[in-house]
Amino acid sequence: MVRTRKCVSLAAMVLLMQPPRITPLAMLSSSSSHQHGRSGLGDSTAKRQPTWTDRLRELLQYKEEQGHTLVPKRYPENQGLANWVSKQRQLYKKYQANDTNFAIDAERIRILDKIGFCWETSKAYSGGDESSWWVHLEELKKLESFSENVPRRLRSFLEEQRIEYEKVQNGEESRLDDRKLAALNELDSSWWKSPKGLQSSWTDRVHELIQYKEEHGNTLVPKRYPSNQGLANWVSKQRQLYRKFQRSEMSPSALDEDRFRILDRIGFCWDTKIASTSYQDQSWWSRFDELKKLDSISEGVPPELGLFLRKQRLEYEKLQNGEKSRLDDTKLSALAELDPLWWKSPRERQWEARFQSLVEYKKRHGNCCVPVSTYPDRKLANWVSNMRKRYKNREKPGQLPTLTDKQVERLNSIGFVWDHWDHKFDSNFE
């Protein structure tokens with residue numbers, strides 16, 4: 001691969017020769033050197049500490065040789081430069097946070113920007129920048145083997161390339177093009193194989209998770225998952241490590257940002273509480289589609305769909321009472337389109353059907369006294385008799401389900417006869 005060297009502009013070089021602005025930290029170090037006495041100035045054996053400009057020149061030389069400013073944290077050839085580069089990024093974060101104790105000013109930031117300094121390594125290694133991929137490849141070239149003593153960052157990079165390679169093999173869209181494949185094969189023809197001897201490696205678990213997502217449409221593997229309990233435990237562990245990472249409690253070797261990035265790309269859910277809302281929403285519409293396949297949602301409803309409908313009725317009742325409900329306008333419209341009386345329970349629907357039959361009976365006969373023994377519709381006759389019993393038992397709860405005030409009001413509106421014998425007696429004297 002031919003590397004293009006980026007030259008620093010003349011304006012940037014002029015800036016390099018300018019004395020850096022004195023910052024609070026610099027003033028502190030300067031004053032402390034005077035307080036320690038003059039013996040240090042006359043000590044010929046004392047080694048002069050590199051200045052900020054010295055380190056900048058070393059970084060320029062590093063960039064000319066490597067093509068980037070991503071100096072590794074462990075860089076035996078010049079560990080001082082590695083530490084300095086890391087320090088600049090730390091100070092830059094303080095600068096962005098408006099920390100009053102920062103020790104880097106806007107001019108130095110501008111100088112580093114001029115030479116293409118990378119302030120955020122996580123973004124540089126995220127793959128968004130094409131050059132970052134080749135930076136990793138150059139680092140891989142320096143290794144003796146891909147299976148032993150691979151640095152953590154490069155190990156994660158290889159794991160991601162293996163995942164992308166599997167996509168290529170399955171005919172799926174992949175970021176691993178022919179040029180990159182050829183470069184990896186030139187380094188090691190077996191690069192795509194995971195190191196042997198590892199029990200259920202991290203990459204293997206990622207493959208299992210991708211397969212789970214293809215089957216279930218999400219990465220919410222249950223905690224108890226007999227089909228692959230190892231995967232369930234692993235998924236739970238990744239979330240634990242992520243929470244520790246956010247709280248700065250995680251050991252650097254446990255899980256790094258590259259692995260977070262790999263999981264992000266496959267749509268991994270880090271917070272199950274946040275995801276539960278969208279997951280429940282998806283589950284709701286899945287249940288609704290099952291309801292649409294039924295001939296009726298009042299009779300012969302499977303138990304699991306019956307439970308779903310009962311929950312929706314409870315949510316509808318909350319809505320009617322002005323309480324917070326998970327039933328939004330879209331879902332309400334969908335249910336109403338399926339059945340205008342969906343919000344009524346099977347018992348309520350049955351009551352409504354009998355009531356309408358009684359209304360029709362009154363239109364034909366002029367009263368609501370359906371004879372129990374002679375009327376052909378025995379169900380209606382028994383229902384009328386049952387309503388009278390329930391009305392009498394309103395003061396005696398526990399014997400039969402009592403009538404609600406609204407039901408009594410509706411029956412009264414059509415002239416319902418609560419006491420058949422009193423009505424018959426009165427009719428004989430009319």
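## Basis of the model

The structure is a predicted model, in which local features require pLDDT of at least 70 and side-chain atom pairs count only at pLDDT 80 or more, while totals for chains, interfaces and linings use all residues. Residues are numbered from 1 along each chain as its sequence is written, and side-chain values use heavy atoms, with hydrogens and water left out.

## Overall composition

The chain contains 20 helices and zero strands; helices (H or I, at least four residues) and strands (E, at least two) are DSSP runs, numbered from the N terminus. Of its 430 residues, 35% count as buried, where buried means under 20% relative accessible area, exposed over 50%, and partly exposed in between (1.4 Å probe, protein chains only).

The accessible surface amounts to about 28000 Å², and carbon and sulfur atoms supply 49% of that area (Shrake-Rupley method with a 1.4 Å probe; for residues, only the protein chains shown count as cover). Among contacts (heavy atoms within 4.5 Å) between residues at least 6 apart in sequence, 54% join residues at least 24 apart.

## Helix α10

Helix α10 spans residues 178-187, and its buried residues are K180, L181, A183 and L184. Viewed down the axis of α10, these buried residues fall within an arc of 160 degrees, so they line one face of the helix; the arc is that of the directions from the helix axis to the C-beta atoms. D178, R179 and E186 are exposed on the other side of α10.

## Salt bridges within helices

The structure holds 11 salt bridges, each defined as a side-chain nitrogen of Lys or Arg within 4 Å of a carboxyl oxygen of Asp or Glu. One of them joins E138 and K141, with an N to O distance of 3.2 Å. These residues are three apart in helix α8 (residues 130-141), a separation of about one helical turn. E138 is buried at 16% relative accessible area, whereas K141 is partly exposed at 39%.

In helix α15 (residues 303-320), E315 and K318 are likewise three residues apart, about one turn of the helix, and their side chains form a salt bridge at 3.4 Å, N to O. E315 is buried, with a relative accessible area of 8%, and K318 is partly exposed at 30%. A network of salt bridges links E315, K318 and R326.

## A salt bridge between helices

R410 forms a salt bridge with E352, their closest N and O atoms being 2.6 Å apart. R410 belongs to helix α19 (residues 405-413) and E352 to helix α17 (residues 346-365), so the pair ties together parts that are 58 residues apart in sequence. R410 is partly exposed, with a relative accessible area of 26%, while E352 is buried at 13%.
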